[in-house]
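Hi,

Here is the model I promised to pass on. Have a look, and my notes follow below.

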Amino acid sequence: MKKRFWQCGLLVLMLAVVGLGFGIAPATAGDSDKCIECHSKVSPGQVQDWKVSKHHEEEVGCADCHGTKHDKAENANLAQLPDEHVCKECHEEQFDSFIKGKHNVGWTSMNALPITHVEPDELMEGGRGCGGCHNMGIKTEAQKKAQHDKGYRYQNNSCDECHTRHSFSKKEAQDPRACRQCHMGYDHPQWEMWSSSKHGSRWFSRLAGHLPKDAPAPTCQTCHLPDGTHNNHTAWGFLGVRLPLPQDKQWAADQVTILKALGVLDPNTGKPTARLEAVKAVDLARLTKEAFDTERNKMIKVCSRCHSEKYARTQLEMGDSMMKKADRLLAQGIDIVAGLYKDGILKKRNAQAFAYPDFLYFLRTDYAKADGNSYKTLPGETSHIEQVLFRMYMKHRMRTYQGQFHVNPDYAYWYGWAAMVDDLGEIKDLAATLRAEHQK
Ligand code: HEC
Ligand code: HEC
Ligand code: HEC
Ligand code: HEC
Ligand code: HEC
Ligand code: HEC
Ligand code: HEC
Ligand code: HEC
């Protein structure tokens, strides 16, 4: 500990020098005394939280992260809110690993979607809704400016999403519940799937003392952040599309249909659109076989700590074949809705690029424009059938393959596959009604 303290002292000195570049006034030991004295009255719980931290033990004080410019109640606006570069001064290893991972593109990928710019700012820059989970990744100066120009001051740091301020605890981040706030719910219920699977059940049993404390029970971190890495990637990723296209002809055709609905391929010509570049920029899909296999093999290695390799491989290959079967259902749904556009029953609206469903508008099937008028929905601008199609993609296809990969029987079947079958039935029914009405 003593040695670490001196290392830290050196780092504080370095921070003092570098800090000037980031606008954080250099802090010296003692600078935080006044902060703590006053904040013990202003926000005692916060000071208590810092007091239980390693930072307190190692004399990393308020001023090291917030600067010294704010020194009285009247000038709280001068307090600096530290971004990840401030943490980097003392935690370079974790910072360097974090920037290689998918979490580092969370903010950018959220902003790459058209939906983000037609929904309320409170749900984005404000840090609820999408922005509450996608405050992940180092923001560029332009991104920070856009946020501050809209009047939002907080949400400058992603490191505090797993080890929360101000205790900044390693143990908290090792707990799978640290992932729960974001990896849950509508389109990525990994928390629900894992916690009710055998893997999660063992973890809870162990927590309750019903299993010995060294009995294996894999957590999110065991499989996705092994050995202290901050770099997270999976083979399929979230969208469940990849290049090169699968060998199987029908599956390849179905993936092309899905890529059209994602707006990555032009529905008329099948050629890539400008969106493909955006998808590449934020690493939304593995673009080579090697990239896919690297992630897949890393995962097999993790499973093989507790299972035979053959067992693990069989389990993950079942995930792939369920993806194929789910794609068959989804592509049929997309084709039915695309047929309604083709026959003029559904018409291109507002900011829609093609007369074709566009998944990146989520449930906003009015295809609102980002022109400040986006909350005004005119009658006839929405189409329920497209909302059912979106649900089939975003909620139920996700559950079908995610449930398979997370070893959860109920998510894979009732909440996933069976619900997709149900959606397809509803889409067929709605399309028949729309066609009949159109003939009148
Ligand atoms: C004399 C009292 C006092 C002192 C000294 C003081 N603060 Fe504050 N600080 C406040 C008050 C009051 C607020 C505003 C609280 C509120 O909005 O409810 C505040 C707010 C803050 C904020 C939040 C700013 C925001 O925009 O929400 C930070 C960060 C902060 N202080 C850090 C520090 C640090 C670091 C120091 C020492 C360098 C310090 N404070 C010294 C009273 C003090
Ligand atoms: C290791 C760095 C670090 C230290 C040390 C630190 N903070 Fe913070 N603090 C942060 C981060 C990160 C944020 C979140 C910034 C954001 O969201 O933009 C924050 C936010 C805040 C806020 C505003 C948000 C809120 O929850 O109210 C206050 C007030 C604050 N800190 C006070 C303090 C005080 C007082 C101390 C010392 C007892 C302290 N901080 C020590 C990193 C630190
Ligand atoms: C001035 C140096 C300094 C700064 C700045 C700093 N830390 Fe630390 N931090 C330390 C030291 C020293 C330790 C204790 C030794 C260690 O675990 O590396 C520590 C420990 C930690 C731990 C492990 C705690 C545990 O329970 O073992 C986490 C997590 C952490 N810091 C996160 C952060 C984050 C996030 C930021 C930025 C908001 C930050 N630190 C900024 C010096 C710093
Ligand atoms: C509850 C937290 C949460 C909310 C709310 C949320 N997201 Fe996400 N988002 C995530 C998580 C977690 C992932 C990664 C899921 C996965 O891989 O299974 C993700 C994935 C994504 C991806 C794909 C990233 C990739 O690499 O494939 C995009 C784009 C995205 N979200 C945009 C949005 C937008 C836009 C909104 C709001 C309309 C939103 N998200 C709302 C947590 C959230
Ligand atoms: C997705 C969640 C997550 C995010 C985001 C995150 N961490 Fe961590 N962090 C962890 C986990 C999990 C551990 C424990 C690793 C282990 O088991 O050794 C950890 C451990 C640490 C430690 C303690 C290392 C040690 O072994 O003593 C530090 C320091 C740290 N993180 C800094 C950071 C910094 C800096 C950032 C932002 C650049 C960051 N973390 C972002 C999950 C996260
Ligand atoms: C036993 C290992 C294991 C555990 C535990 C685990 N996962 Fe996964 N996870 C996987 C596998 C395998 C995949 C699919 C990898 C692939 O595409 O080849 C995956 C995929 C993911 C994805 C990408 C989308 C998806 O669901 O397919 C996210 C995000 C994710 N996991 C988060 C989590 C979170 C959060 C937890 C804890 C609540 C967790 N995982 C627990 C093995 C695990
Ligand atoms: C504050 C919200 C948040 C927390 C907490 C969080 N994540 Fe994530 N995670 C996200 C978002 C957002 C994405 C998608 C990033 C993007 O846009 O590509 C993501 C992506 C991932 C992926 C990549 C899936 C892929 O596409 O390949 C994995 C794996 C993952 N997270 C694991 C974890 C684990 C494990 C934890 C807990 C230690 C955790 N996350 C905590 C928000 C979060
Ligand atoms: C840290 C150890 C550990 C790791 C890593 C691990 N598992 Fe498990 N797994 C277990 C234990 C323990 C059980 C419960 C006993 C059993 O059924 O074998 C289990 C059970 C299972 C089951 C059976 C569930 C049921 O319903 O009977 C499957 C399938 C499975 N694991 C797949 C995987 C896959 C795939 C991976 C890698 C992505 C993986 N496991 C990683 C420990 C682990």
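**Ligand surroundings and a helix pair**

Ligand 8 has 17 residues around it, with P216, P218, C303, C306 and Q315 coming nearest; "around" here means that the C-beta atom, placed from the backbone, lies within 6 Å of the molecule. Two or more residues of that shell come from each of α14 (198-207), α15 (220-224), α18 (289-303) and α19 (309-342). Helices here are DSSP runs (H or I, at least four residues), numbered from the N terminus. The shell splits into ten nonpolar, four polar and three charged residues (Ala, Val, Leu, Ile, Met, Phe, Trp, Tyr, Cys and Pro count as nonpolar, Asp, Glu, Lys and Arg as charged, and the others, Gly among them, as polar).

A word on the basis: this is a predicted model, where local features need pLDDT of at least 70 and side-chain atom pairs count only at pLDDT 80 or more, while totals for chains, interfaces and linings use all residues. Residues are numbered from 1 along each chain as its sequence is written, and chains are lettered from A and ligands numbered from 1 in the order in which they are written.

Now for ligand 5: 19 residues surround it, and Q94, C159, C162, A173 and G228 are the closest. Helices α6 (84-88), α7 (92-98) and α11 (170-174) each give two or more residues to this shell. By class, seven residues around ligand 5 are nonpolar, nine polar and three charged.

Back to α19: its axis and that of α20 (residues 384-405) come within 9 Å and cross at roughly 175 degrees (axes are lines fitted to C-alpha atoms over the stretch in contact, and angles run from 0 to 180 degrees between N-to-C directions). So α19 is roughly antiparallel to α20 (the word applies to angles over 145 degrees).

Cheers

Methods
Parallel < 35°, antiparallel > 145°, perpendicular 65-115°, else oblique.
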